[in-house]
Amino acid sequence: MSNQIVCVKDIENYAHKVLPRNALDYYRSGAGSEESLANNRNAFSKFRIRPKFLKDVSRRNMSTVVLGAKVSMPIGIAPTAMQRMAHPEGECANAKAAQSMGTIFTLSTIATSSIEEVADAAPLAIKWFQLYIYNDREVTRSLVKRAEKAGFRALVLTVDAPIFGLRLADIRNNFTLPPHLKLANFVGHKATDVCTAEKGSGISEYVNKLFDATLEWKDIKWLQSITTLPIVLKGILTAEDAIKGAELGIAGILVSNHGGRQVDGVPAPIEALPEIVKAVGDKVEIYVDGGFREGTDVFKALALGAKMVFLGRPAIWGLAYAGEDGVKKVLNLLKNELDHTLALTGCTSPEDITSDMVVHEQYYAHL
């Protein structure tokens with residue numbers, strides 16, 4: 001089987017065959033007609049790589065520094081919910097893969113492995129905690145303190161989900177968390193209950209009941225007041241919002257459209273990235289997720305100003321393929337592809353990639 005796996009798409013195809021339909025549709029679906037979901041992939045084809053030759057590329061190093069921590073490559077794991085639907089070890093296996101590969105793992109608030117379980121499974125991993133703010137602020141405060149105590153190094157505040165988007169597959173399936181699993185960060189609390197909705201998506205009903213839809217920019221200051229951890233804003237798609245975040249002193253921005261799962265018709269993150277880098281790239285670190293499947297995708301994002309690329313669904317497909325080893329396979333495939341791209345464009349490290357090495361296809365329209 002492994003001889004037939006030569007790219008991330010192969011692992012994705014395998015996962016689509018073996019995952020139960022309820023879980024598969026949850027992981028792969030987007031909002032509405034899924035135009036943004038498709039565009040997250042298709043947008044990469046609009047950008048062209050301009051290689052530079054006759055350079056010594058015999059020695060290459062893909063490491064970089066993110067929020068003061070050295071990572072082996074500019075590719076990390078994005079937060080995705082309920083990973084034990086893909087593999088019995090779920091988030092713990094994913095974190096162990098990140099630890100083994102020397103990169104960042106981000107744990108979702110609505111995970112099926114708890115903060116403490118992940119910390120115990122991968123004590124040496126660079127771990128970030130993705131945060132949703134609940135109506136009950138004490139729930140949020142408790143999550144933050146637990147993450148701090150467990151050695152997580154940053155908080156990733158998702159700002160694009162006051163409610164969940166209309167994901168038609170989940171509505172059709174009446175999606176709910178399988179009964180043998182739980183939202184592990186909320187055991188014994190009402191926030192653990194993702195019950196089957198009478199009509200529609202159980203997870204959407206859960207979010208609408210418990211997430212704080214009144215969240216505003218002033219609440220960033222509240223979050224800053226209860227933690228010393230750096231805060232990354234996830235879900236930013238405009239220069240205007242990026243500037244507001246930078247003015248509040250946040251540490252990073254993760255350019256993201258939630259995997260095309262919130263509102264259909266928004267730009268792909270790779271399309272939104274340049275305006276955000278132009279607006280605040282000299283003030284905060286900029287990361288991006290959404291649609292990354294190949295090493296050339298990563299190269300394009302780095303040239304457009306991202307410090308780090310994060311993978312959501314590909315890590316889930318890796319879990320479904322072979323647990324921890326499957327996620328490592330995904331990361332190694334992308335690392336190898338990025339390494340080849342560096343060598344074949346005249347670069348020896350991410351720092352060698354310059355902004356003039358990737359252009360929009362319109363650059364060549366005059367030819």
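Strand E11 (residues 308–311) is covered on both faces: Met308 and Phe310 on one side, and Val309 and Leu311 on the other, are all buried. Buried means under 20% relative accessible area, with exposed over 50% and partly exposed in between (1.4 Å probe, protein chains only). Strands (E, at least two residues) and helices (H or I, at least four) are DSSP runs numbered from the N terminus. The model is predicted: local features need pLDDT of at least 70 and side-chain atom pairs count only at pLDDT 80 or more, while totals for chains, interfaces and linings use all residues. Residues are numbered from 1 along each chain as its sequence is written, and side-chain values use heavy atoms, leaving out hydrogens and water.

Which strands pair with E11? Strand E4 (residues 75–77) runs parallel to E11 and is joined to E11 by three bridges; DSSP must find at least two bridges for a pair. Here isoleucine 77 stands opposite leucine 311. Strand E10 (residues 285–289) is also parallel to E11, again with three bridges, and aspartate 289 has phenylalanine 310 as its bridge partner.

Now turn to the record. UniProt, in an unreviewed entry, places the feature "binding site" at Tyr26, Tyr132, Arg167 and Arg261; such annotations may be inferred rather than shown by experiment, feature names are shortened, and positions follow the numbering used here.

Tyrosine 26 lies in helix H2 (residues 21–28) and is buried, with a relative accessible area of 5%. Tyrosine 132 lies in the loop between strand E6 (126–131) and helix H6 (137–149). At 6% relative accessibility, tyrosine 132 is buried too.
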